[in-house]
Amino acid sequence: MDLLFLFEWLDSSALASVSKAYGGVFAVVQMFHLLAMSVMGGMILVSDLRLLGIVLKEVPSETICENAQKWFTIGLIVMVISGIFMSSAVAMKLYYNQMFWAKMISLAIGVIFVYTIRRPLLRYAHDSINPWAIRMTAISSLTIWFIVAASGRWIGFS
Amino acid sequence: MNKKTMLERTVIVFGVVVIIGAIWFYSIQVGDTLEILRLAYPD
C-alpha cells in the first residue's frame, strides 16, 4: 500500500505550514515528544525489569504493571500526536527514509503486542502464568521498544 | 485450550520471532556502519 499521497498531503497541510515556519513551536513539541518518550521508556523498563525479577522485587508485579500501563498509554498518545506534528515539517524526507519505516513498523508491532498479548496475559495472576511466558513477555517488550527508540534516533543519521 | 494458555504460547513464539528479528535488524545496521567506515577509511 503506497502512502505517498498521505505524506504529500501532510507536507502541504496547515500543520506543516506551522511546523516549518515556527522553529520555536517545533522545538516545544519536540520537547513533549521526548518527555513522553522518557515516560514510556521508564514505564516499560520498570514493569519489564520487575517481570524479570530484577527491580522492586518486594512489590507485587501486578501492582507495578497495572500502574505503569496507565502512564505508558498517556506517554504513547502524547508521542503519537507530537510525532505527527514533527513529521509534517519533514514529511517527504521521512517518506524516503528507511529508518523511519523501520521505526513505524516496530512501533505498530509494539502497540499491537502490548494491547493484544501483553496486557491480556498480565491481567491473570502472575503467579499462575508460565514463568517462561512472563520472561518472554518482558524480553519481547524490551527488545521491541529498544528497536523503536534506536531506529528513531537513527533517522537523524540516515 | 483456554485463553491464558493460548496467550502464553503466543507470547513465547512471538518472543522468539522478535529476538531473531532484532538480531537480523541490528546485523544490517552493523553491516551498514562497517561499510561506511570501510569507504571512509579504505586503508
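This is a predicted model: local features need pLDDT of at least 70, side-chain atom pairs count only at pLDDT 80 or more; totals for chains, interfaces and linings use all residues.
Let's start with chain A. Its secondary structure is 7 helices and 0 strands, so going from the N terminus you read α-α-α-α-α-α-α. Draw a box around its C-alpha atoms, along the principal axes, and you get roughly 55 × 35 × 25 Å. If you look at contacts in chain A between residues at least 6 apart in sequence, 79% of them link residues at least 24 apart.

Chain B has 1 helix and 0 strands. The box for its C-alpha atoms, again along the principal axes, is roughly 60 × 10 × 5 Å.

## Helix 3 of chain A

Helix 3 of chain A has 29 residues. From its first C-alpha to its last it reaches 41 Å, close to the 42 Å expected at 1.5 Å a residue.

Which residues of helix 3 of chain A are buried? They are Val29(A), Ala36(A), Met37(A), Met40(A), Met43(A), Ile44(A), Ser47(A), Asp48(A), Arg50(A) and Leu51(A). An α-helix has 3.6 residues a turn, so residues three or four places apart point the same way. As for what covers the buried residues of helix 3, helix 4 and helix 7 of chain A are included.

## The nonpolar core

The largest nonpolar core has 29 residues. Those with the most contacts inside it are Met40(A), Phe72(A), Leu121(A), Ala133(A), Ile144(A) and, from the other chain, Val11(B). Two or more residues each come from helix 3 (23-51), helix 4 (61-89), helix 6 (98-122) and helix 7 (131-155) of chain A, and also from helix 1 (3-40) of chain B. Helix 7 of chain A gives the largest share, 8 residues.

## Where the chains meet

The contact between the chains takes 16 residues from chain A and 12 residues from chain B. On the chain B side, these are 8 nonpolar, 2 polar and 2 charged.

Now zoom in on one helix pair. How do helix 7 of chain A and helix 1 of chain B pack? Their axes are 8 Å apart and the angle is about 35°, in a left-handed crossing. Helix 7 of chain A brings Trp132(A), Ala133(A), Met136(A), Thr137(A), Ile139(A), Ser140(A), Thr143(A), Ile144(A) and Ile147(A). Helix 1 of chain B answers with Glu8(B), Val11(B), Ile12(B), Phe14(B), Gly15(B), Val18(B), Ile19(B), Ala22(B) and Phe25(B). Together, the residues of this helix contact are 13 nonpolar, 4 polar and 1 charged.

## A closer look at Phe25(B)

Phe25(B) sits in helix 1 of chain B and takes part in the contact with helix 7 of chain A. Why does Phe25(B) count as partly exposed? Because it has 16 C-beta neighbours inside 10 Å, while a buried residue needs 20 or more and an exposed one has 12 or fewer.

Technical notes
Residues are numbered from 1 along each chain as its sequence is written. Chains are lettered from A and ligands numbered from 1 in the order in which they are written. Two residues are in contact if their C-beta atoms, placed from the backbone, lie within 7 Å. Ala, Val, Leu, Ile, Met, Phe, Trp, Tyr, Cys and Pro count as nonpolar, Asp, Glu, Lys and Arg as charged, and the others, Gly among them, as polar. Helices (H or I, at least four residues) and strands (E, at least two) are DSSP runs, numbered from the N terminus. A nonpolar core is a set of buried Ala, Val, Leu, Ile, Met, Phe, Trp, Tyr and Cys residues joined through C-beta atoms within 7 Å. Axes are lines fitted to C-alpha atoms, for helices over the stretch in contact, and angles run from 0 to 180 degrees between N-to-C directions. A crossing is left-handed if the near helix is turned anticlockwise from the far one by less than a right angle, and right-handed if clockwise. The expected span of a helix is 1.5 Å times one less than its number of residues.
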